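Morning, everyone. Let me put the model on the screen, and then we can walk through it piece by piece.

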Amino acid sequence: MANIRNFSIIAHIDHGKSTLADRLIQYAGLVPERQFRDQMLDTMDIERERGITIKSQTVTLPYTAPDGEEFELNLIDTPGHVDFSYEVSRALASCEGVLLLVDASQGVQAQTLANLYAAMEHDLTIIPVINKIDLPAADVDMVREQMEGELGLDSDLAVLCSAKEGRGIEDVLEAIVERIPPPSGSSQNPLSALIFDAHYDPFRGTIVSCRVFEGSVQPGDVIRFMSNGAVYRVEEVGIFKITREPRKRLSAGDVGYIISGVKTLSDTRVGDTITLDSKPTDSPLPGFKEAKPVVFSSIYPISSDDYLSLSDALEKYKLNDASLVYQKDSSVALGQGFRCGFLGLLHLEIVQERLEREYDQSIIMTVPSVEYRFALDDGSTVVVDNPQYYPEAIRIRVAEEPYIKASIILPERYMGAVMKLCMDRRAVNPRFNYPSAGRVEIVFDMPLAEVVFDFYDRLKTITQGYGSLDYDLIGYRESSLVKLDILVNGEKVDALSLIVHRDRAREWAVQVCDRLKEEIPRHQFKIAIQGAIGGKIIARSTVNAFRKDVTAKCYGGDISRKRKLLEKQKKGKKRMKMVGSVMIPQGAFVAVLRSDNE
Amino acid sequence: MNKRELPGLYIHVPFCRSKCRYCDFYSITSLDLVPEWLEALEREAVLRKNLFPVFGSLYLGGGTPTALMEHEAGLLMECVRRHFRFAEGAEMSVEANPDDVCREKLCFLLDQGFNRISIGVQSFDDGELRRLGRRHTGRKAEAALGLVMSSGFDNVSVDLMYGLEGQSLTSWARSLRRAVKFEPHHLSCYQLTIEPGTPIGRLAEEGRIVPIDEDSEHSFFLFTSRFLTQKRYIHYEVSNFARKPQFECMHNKKYWNRAPYLGLGPGAHSFKDAVRWSNVKSVSEYCGKLSVGEPPVCSREVLSSEQVRLEKLFLGFRTRAGVDLSALGSMPDPAPILKQLEKTGIVRVRRGKIVPTLKGLLVADSLPLLF
Ligand SMILES: Nc1nc2c(ncn2[C@@H]2O[C@H](COP(=O)(O)OP(=O)(O)OP(=O)(O)O)[C@@H](O)[C@H]2O)c(=O)[nH]1
Ligand code: SF4
Ligand SMILES: [Mg+2]
């Protein structure tokens, strides 16, 4: 056990975590050169297409130190995007140390700080790494200064590397074995293993990823999930070496997987402790804080016949994404579905895409919302994350919306533009810090609703990628809210309703109407789109009818060809939802919140 | 079985004297292959003669049936009469090229039993005709029509085309007026479809001609309908107009009503009992297969009930007869869609039928997608 090291690679988005993981995997010779591909651990198609990590990935690397000593390194590559911070926090719970990467040209960014704090909370050893030193714009001295000033780290301890060019990899490895302590714990103690991830395999059932803190586990053992007492016989244990590799046993200090024929999906909970049924531990591990969703949206099957299949898919999906929360929901326009909570808009998009790709679901997601609070005239308080349940206006005494403390780090030269963006989004009480030369940190109080939708993209555009944002919820504040209804051809579409601040209502209404006009295809007839508050129309747009769509000839020899064409078009329409007499494309509901900035 | 449901017989004459620049019908210009083709056709007729006991219509199309020499056409009709029976009052149509029309030819066709003739005029404007690659001139077309109208055919149809390169609404109106002057019993007015692989299609691909835009298509279509309706023609299908219901083309209506039909000749299509099949599009292959007693079929499909449903919809929406409400089959609830389509003047629902309005005919292809 003295020769095991468990660590995560953490950083702001795009600072090179997965690329560094690539170099470490190659150094360990884990995959034959011709099977190697960049960002090896980004195994999902969406990750590769978007060039970002979404899921944490574990891999065990053999390493022989220059003095000949052999180590086993358990590396967890984590995502950098703030929407996937729950993945990071769970990875940290299975480690003794982290590599904190900082891009030598970008410097310290908002998630560098956020991830550093998370690692410190877990009491982990932190190895600062300055990456991308090969870039012409790399400024190592500046980054060192920021590390000292903004992170409070000893910059002399920073390891320099270029993950892309493979420079400094030995230094990184040496730092890992030298500085990160080996795991403590004893394989003689009762088993205590933390489930930090899981996924469903159609052939093997649930496969759990765990970190063994105490004791050991091997095939044939009967294990118990401590949160619900479910017991299973272990079929296989092993470690991750890109693919699963079975082992005789997992012992204290190891990170690996357990397969035990778990067929009841709900038995497995990420954060739960696994112990032995015959010799249980008395105290479960602390587990994880529940993910706190900030954005809510409902998922409906496009065809209402697929409700059960969606329900099953969500349950399986949830195993692999512990940050998703959901419960049953229904809508007049869309039928039966699920209300889901997400960590952000990107998270929402990823869930949608993964459900479609990995679970073959055709779904619609409704307009996202945050969670509002209303004090009513009878003294009760209701929490509403779904505009459908917006209370009757006359019954509302006090309306409140969630506020955040937003911290934006940016080069000084963008300050004017960013201030304007924030003020447009109802930011108040700005505070300024000047952590290092040329850089500003602006801290605002801001309504969460103004940030979750497209603030991040706007910020990145305005600052040409140099601005970064982090935020914490700071509670509810009184606000003047209204419910904006959207009428399509005179009919209210509940799934498009939206709770907004009164002062911004018109702006939102115009935006939603304009976006829908772009999203909804032309029909045989004109489609009127209206935004209304309590029956009063405040914005409108029109989708014009198409004027001609008919072929000149259709005789004996044309019928098959024509029918095939229609069949193809019909398939395309499967991705639309018929609401009344109007086909609304699947993506329209979420798209309405995105302003066109370019 | 009433006449409407009786099968139709189509014979494809795959020969033309020259190829028009927009045309993607299967036809060749090697007229020397006619005798061989006739022999093969006889063989195909023998293979198929028991498929249907009696037909409600014959349609001799192409290609250019009038490109055949008299004795060739005579042999062809002899073959038809020998192997197939027609119901009393069956419609017997033949397509004719204005260039081929003369008094003798018309007498011959009448003698052969044809009672309906369709003249491929396309346009009366010489510039337009040239650009289309047609053989005849506007004058020739007028002369031909004059002859046909006085020849004894009491059901004459004229084919015209609009949406041509460089054609204005005025020039289209002029062609229409010149056609209507002859008071033909029936008119087919087609918007030019630019087909890939044709000379005009290639020009369009290269961007050397620009297809008309949707707004102009819309104006041409409405103008045509209004113009002819005012002249008391019935606009009974997207591109077809008849002076009286009895002049609506019985044979073509079989396609839209999904009545069965048998097609003979290369490239011809057939339909019987939810099976659609088609012949090879090659005279030599057609002759080759038949010479060894093989059916010249190249594709065959059996329709599922969903496909039948879709066909009923898209074919029905092309005609003023419309679609039976029962043809919608099992779908969630058509009422909101129908209500919306009625409200916006696309269809009318009455007596168990969904009937497209003029505005509805204009978007007929999109309607089946709603149900
Ligand atoms: N020039 C240079 N580019 C690098 C280096 N390391 C990574 N990159 C590039 O930076 C981009 C992001 O790299 P990733 O490894 O995907 O970054 P990440 O931190 O894993 O990103 P997320 O997982 O999305 O947070 C890619 O285009 C890499 O090629 C480096 O050392 N030098
Ligand atoms: S005459 Fe008719 S079939 Fe022959 S090429 Fe011209 S349009 Fe085509
Ligand atoms: Mg990554």
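Start with helix α12 of chain A, residues 505-519. It has 15 residues and reaches 21 Å from first C-alpha to last, close to the 21 Å expected at 1.5 Å a residue. That expected span is 1.5 Å times one less than the number of residues. Helices here are DSSP runs of H or I with at least four residues, strands are runs of E with at least two, and both are numbered from the N terminus.

Some ground rules. This is a predicted model: local features need pLDDT of at least 70, side-chain atom pairs count only at pLDDT 80 or more, and totals for chains, interfaces and linings use all residues. Residues are numbered from 1 along each chain as its sequence is written, chains are lettered from A and ligands numbered from 1 in the order written, and side-chain values use heavy atoms, without hydrogens or water.

Back to α12(A). Its buried residues include Trp508(A), Val512(A) and Leu516(A). Buried means under 20% relative accessible area, exposed over 50%, and partly exposed in between, with a 1.4 Å probe and protein chains only. Residues three or four places apart in an α-helix point the same way, because there are 3.6 residues a turn. The buried residues of α12(A) pack against β27, β29, β30, β31 and α14 of chain A.

Now helix α8 of chain B, residues 214-230. This helix has 17 residues and reaches 24 Å, close to the 24 Å expected. Phe220(B), Phe221(B) and Phe227(B) are among its buried residues. Their cover includes β5, α6, β6, β7, β8 and α13 of chain B. Just after the helix, Arg232(B) takes a positive phi of about 70°.

Two other residues have positive phi. Gln464(A) is near 50°, in the loop between α11 and β26 of chain A. Glu183(B) is also near 50°, in the loop between α6 and β6 of chain B. Gln464(A) is exposed at 59%, and Glu183(B) is exposed at 51%. Most residues other than glycine have a negative phi, and most peptide bonds are trans.

Which peptide bond is cis? The one from Gly62(B) to Gly63(B), with omega near 20°. Gly63(B) sits in the loop between β2 and α2 of chain B. Gly63(B) is also one of the residues around ligand 2, including Cys16(B), Lys19(B), Cys20(B), Cys23(B) and Arg134(B). Around a ligand means a heavy atom within 4 Å of it. By class, that shell has 4 nonpolar, 3 polar and 2 charged residues. Ala, Val, Leu, Ile, Met, Phe, Trp, Tyr, Cys and Pro count as nonpolar, Asp, Glu, Lys and Arg as charged, and the others, Gly among them, as polar.

On to the core. The largest nonpolar core has 188 residues, and Leu160(B) is among those with the most contacts inside it. Such a core is a set of buried Ala, Val, Leu, Ile, Met, Phe, Trp, Tyr and Cys residues joined through side-chain atoms within 4.5 Å. Helix α8 of chain A, residues 345-359, gives the most, with 7 residues. Beyond its neighbours within four places in sequence, Leu160(B) is in contact, meaning heavy atoms within 4.5 Å, with residues including Phe124(B), Trp172(B) and Leu187(B).

Last, cysteines. How many disulfides are there over all chains? The search finds 0, where a disulfide is a pair of cysteine sulfur atoms within 2.5 Å. For Cys554(A), the nearest cysteine sulfur, in Cys249(B), is 14 Å away.
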